[in-house]
Amino acid sequence: MKKQIMTALLLVTVLAAMEGTIVSTAVPRITSDLSGIELVSWVYAVYMLATAVSTPIYGKLADLFGRKKVILSGIVLFLVGSALCGIAMSMEQLIFYRAIQGLGAGAVMPITMTIIGDLYSEAKDRAKAQGWISAVWGVAGVLGPLMGGFLVDTLSWRYIFFLNIPFGLLAFFMLVVNYKEDLTKGKPYIDYKGAVTFSLGTIAFLYALLTGSQTQEWTSPTILGLFIFALITFIVFVRIELKSPEPLIPLNLFKNRSVLIVNTLTLIVGAIIICITIYLPIWSQGVMGKTATQAGFILMPLPVFWTLGSLIVGNIVGRIKDNWIITLGLTVVTAASFIFFSLTAHSPAFLIYVASGVLGLGMGLMMPVFMLIIQSSVPSSKRGVAVASNTFTNTFSQTLGSAVFGTIFNIITLSKAEKAGQSNLNLNASFEHGSLPTEKLIQLQEILASGIHAIYGVMLLLVIIGVGISFLLVKQRDQSVEESSY
């Protein structure tokens with residue numbers, strides 16, 4: 001029975017994870033059919049935004065109404081959104097339907113991890129199951145563009161959405177038949193005020209981040225107004241949660257130091273993941289002159305070694321303390337970040353493959369253990385919202401990271417271009433190597449390399465801070481063990 005449930009969870013995780021990136025290689029064909037190229041960034045952003053906003057709400061609903069009802073509802077919403085995306089006749093329609101998809105996907109990751117926490121009582125078994133989910137999520141995110149390109153070339157871009165329907169229905173019916181849960185009856189209290197204020201504040205904040213990262217007009221009245229609105233809304237949300245008998249996000253959850261430290265580390269790790277996902281392909285193509293296909297293969301060691309690290313975790317949990325595994329994983333990521341920081345335009349290609357693989361190994365060691373610590377630090381009745389808060393942190397960190405890194409990249413590259421007397425230099429031309437004189441191409445590559453090098457430096461600094469924070473977790477967990485022995 002557990003195998004069938006795990007298969008269904010893995011399947012729906014693949015679909016939700018792929019949908020975040022599978023559209024990347026389909027964008028040229030989509031814009032050709034639907035027009036509206038100025039709106040294309042929202043095809044990505046609205047999915048991530050809807051997922052982030054809905055995740056904590058699903059977590060709370062799972063604690064109130066049961067995991068099964070919530071994840072099945074999420075799958076249905078995801079499949080409805082997928083079908084609508086496949087028949088979209090304009091870019092505006094596609095963006096709206098992608099939001100529906102994202103709202104459904106918001107249920108997948110937190111409820112999947114929560115169900116695993118309920119299914120497996122042994123830490124070792126739970127680590128193996130969560131390792132597989134973590135690995136599948138990482139692999140699907142990287143393979144998404146490859147699958148999208150194949151479907152676009154052989155069928156139509158619409159099939160990147162239609163493909164979800166048969167596999168999603170299979171996962172849905174497998175869960176209906178095999179997953180049973182015991183629910184404690186009672187009249188649930190739904191924190192509507194908290195859900196509305198949290199959603200409004202999160203949408204305003206993430207919208208401002210996404211818009212600012214695209215336009216770099218951080219001081220515009222619209223963006224400043226959104227940030228101020230988000231701040232006021234979050235203050236109101238905190239006041240509501242403090243008075244609510246059944247808060248959407250129990251604020252005392254963050255009094256638990258283990259949960260707080262793990263969420264802080266998740267914030268750092270999520271930023272590192274988005275940094276590599278965005279800027280390693282740019283480095284490969286713009287600086288090293290690789291093709292798009294070659295750049296995709298440079299990323300391949302990341303999911304492969306992520307999977308390996310996740311499998312290793314399943315075998316060492318119980319032998320090594322979970323907090324020390326996180327420190328080990330962060331140390332491995334530090335080594336990878338140092339390699340990335342040391343790269344130059346003349347570095348051998350194998351060095352990038354090594355760095356990508358080492359980074360994946362470190363991530364694979366850490367991510368399943370994050371969930372183990374959170375699930376073991378809260379009672380079962382709070383497990384859904386605790387896992388959802390961590391999933392939200394991961395999504396939020398990637399949005400925040402992309403905005404911050406994008407700002408750094410633009411500042412550095414524009415500054416370098418002005419110093420070179422090329423303030424109107426088109427950096428996109430660095431990907432078209434045959435269309436430029438050698439001298440100008442080298443200049444473009446140096447400017448790109450300087451911007452990405454600065455980002456890799458920030459990434460290295462972040463992960464070093466993460467290693468330091470992990471020792472706080474080691475101290476906290478060791479103290480907890482000592483206190484429980486008395």
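## Basis of the description

Helices in this report are DSSP runs of H or I with at least four residues, numbered from the N terminus. The model is predicted.

## Helix α15 and S337

Under that convention, helix α15 covers residues 322-342, and S337 is part of this helix. The relative accessibility of S337 is 0%, so the residue counts as buried, the cut-off being under 20%. When neighbours within four places in sequence are set aside, the contacts of S337 are M459, L460 and V463.

## Helix α14

Helix α14 comprises residues 301-316. With 16 residues at 1.5 Å a residue, α14 should span 22 Å, and the distance of 22 Å between its end C-alpha atoms agrees with this expectation.

The buried residues of α14 are P301, L302, P303, W306, T307, G309, S310, V313, G314 and I316. In an α-helix there are 3.6 residues a turn, so residues three or four places apart point the same way. After α14 comes G318, which has a positive phi, near 100°.

## Helix α8 and F161

Helix α8 consists of residues 159-162 and includes F161. Because its relative accessibility is 0%, F161 counts as buried.

Residues up to four places away in sequence not being counted, F161 touches E19, V23, S82, C85, G86, L94, R98 and Q101. F161 and I22 are separated by 139 residues in sequence, while their C-alpha atoms are 9.2 Å apart in space.

Technical notes. Residues are numbered from 1 along each chain as its sequence is written. This is a predicted model: local features need pLDDT of at least 70, side-chain atom pairs count only at pLDDT 80 or more; totals for chains, interfaces and linings use all residues. Side-chain values use heavy atoms; hydrogens and water are left out. Helices (H or I, at least four residues) and strands (E, at least two) are DSSP runs, numbered from the N terminus. The expected span of a helix is 1.5 Å times one less than its number of residues. Buried means under 20% relative accessible area, exposed over 50%, partly exposed in between (1.4 Å probe, protein chains only). Contact means heavy atoms within 4.5 Å.
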